[in-house]
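This report concerns side-chain pairing and solvent accessibility. The sequence and structure are shown first.

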Amino acid sequence: MSLTSRVAIVTGAARGIGRAIALRLAEDGLDIAVNDLPSAHARLEIVRAEVQDRGRRALIVTADVSCAPDVERMVNHTARNFGRLDVMVANAGVALYKKFVDTTVEDWHKAHSVNGLGVFLCYKYAALKMQELGNKNGRIIGASSVLGRTGIPKAGVYCQTRFGVRGLTQTLAQELATTGITVNYFCPGDSDNSSAAVRDVAEGTGDVDGFYAAVTAQTPVGYLGQPDDIADAVSFLASPQAHFITGELFLRTFV
């Protein structure tokens, strides 16, 4: 492996939790490839500048995480430009808040294509590239949700996609256990309206204030998290100090 700075890819990095993770990892001294859909390129430009303001190199890699050739290209492009790949944060996701009986097959496929297939592809191509480069300290980290631990009304398909991240993570963690590459996932509880995905769900209920009041009441600490709180947890999972943790859930604010 190159002796240059460690390198991370963060998907869904144009806003919210993904942006916060990218900036925190930059503060930790990593160079960052920021990913989102091509339609988010202008926002990615802002995040790239913010990473560079922190003294790190930054690369924009637009890609659809549900498309295998896109993800493979993203990983290869990052490794080719930076010379290595140390951390993959499969953060990109879409929210779906709809009564179960009203959910369409199209809704199901959209949610699974990003939250399920997208995580699978990021895990796969990151694992392949890290092993190809001889990285024995790689970190693969996936986004789930507290709704990957318990179901709630009007979130059945979303819960299904997030429950799946647990099984995928634990499987790959065991398969890579002897390589030095760890695989973990984080399950953030509801954060405030600076999280775009949570805001989308809140708006989908038709009662934004009521939604935030209800989820705050379920949070033991009595307040909603910030994207930076989630980024702090990912920062630890991405660190060398987390070498003995694999296949584990990290960060949950209510059951």
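## Accessibility and model basis

A residue is called buried when its relative accessible area is under 20%, exposed when that area is over 50%, and partly exposed in between. The model discussed here is predicted.

By this criterion aspartate 31 is buried, because its relative accessible area is 1%. Arginine 57, at a relative accessible area of 37%, is partly exposed.

## Salt bridges between separate elements

Eleven salt bridges are found in the whole structure. One of them joins the side chains of aspartate 31 and arginine 57, with an N to O distance of 2.8 Å. This pair links distant parts of the chain: aspartate 31 belongs to strand E2 (residues 31-34), while arginine 57 lies in the loop between H2 and E3, 26 residues apart.

A salt bridge also connects arginine 54 with glutamate 27, at 3.0 Å from N to O. Glutamate 27 is in helix H1 (residues 16-27) and arginine 54 in the loop between helix H2 (41-53) and strand E3 (58-60), so the contact ties together parts that are 27 residues apart in sequence. Arginine 54 is partly exposed, with a relative accessible area of 35%.

## A salt-bridge network

Arginine 24 and aspartate 28 form a salt bridge in which the closest N and O atoms are 3.1 Å apart. Both residues are partly exposed: arginine 24 has a relative accessible area of 25%, and aspartate 28 has 36% relative accessibility. A network of salt bridges links Arg24, Asp28 and Asp232.

## Cysteines

The whole structure contains zero disulfides. Cysteine 159 is buried at a relative accessible area of 5%, whereas cysteine 67 is partly exposed at 27%.

How values were computed
Residues numbered from 1 in each chain as written. Predicted model: local features only at pLDDT ≥ 70, side-chain atom pairs only at ≥ 80, totals over all residues. Heavy atoms only, no water. Disulfide = S-S within 2.5 Å. Buried < 20%, exposed > 50% of the residue type's maximum accessible area, 1.4 Å probe, protein only. Salt bridge = Lys/Arg side-chain N within 4 Å of Asp/Glu carboxyl O. Helix = DSSP H or I, 4+ residues; strand = E, 2+ residues; numbered from the N terminus.
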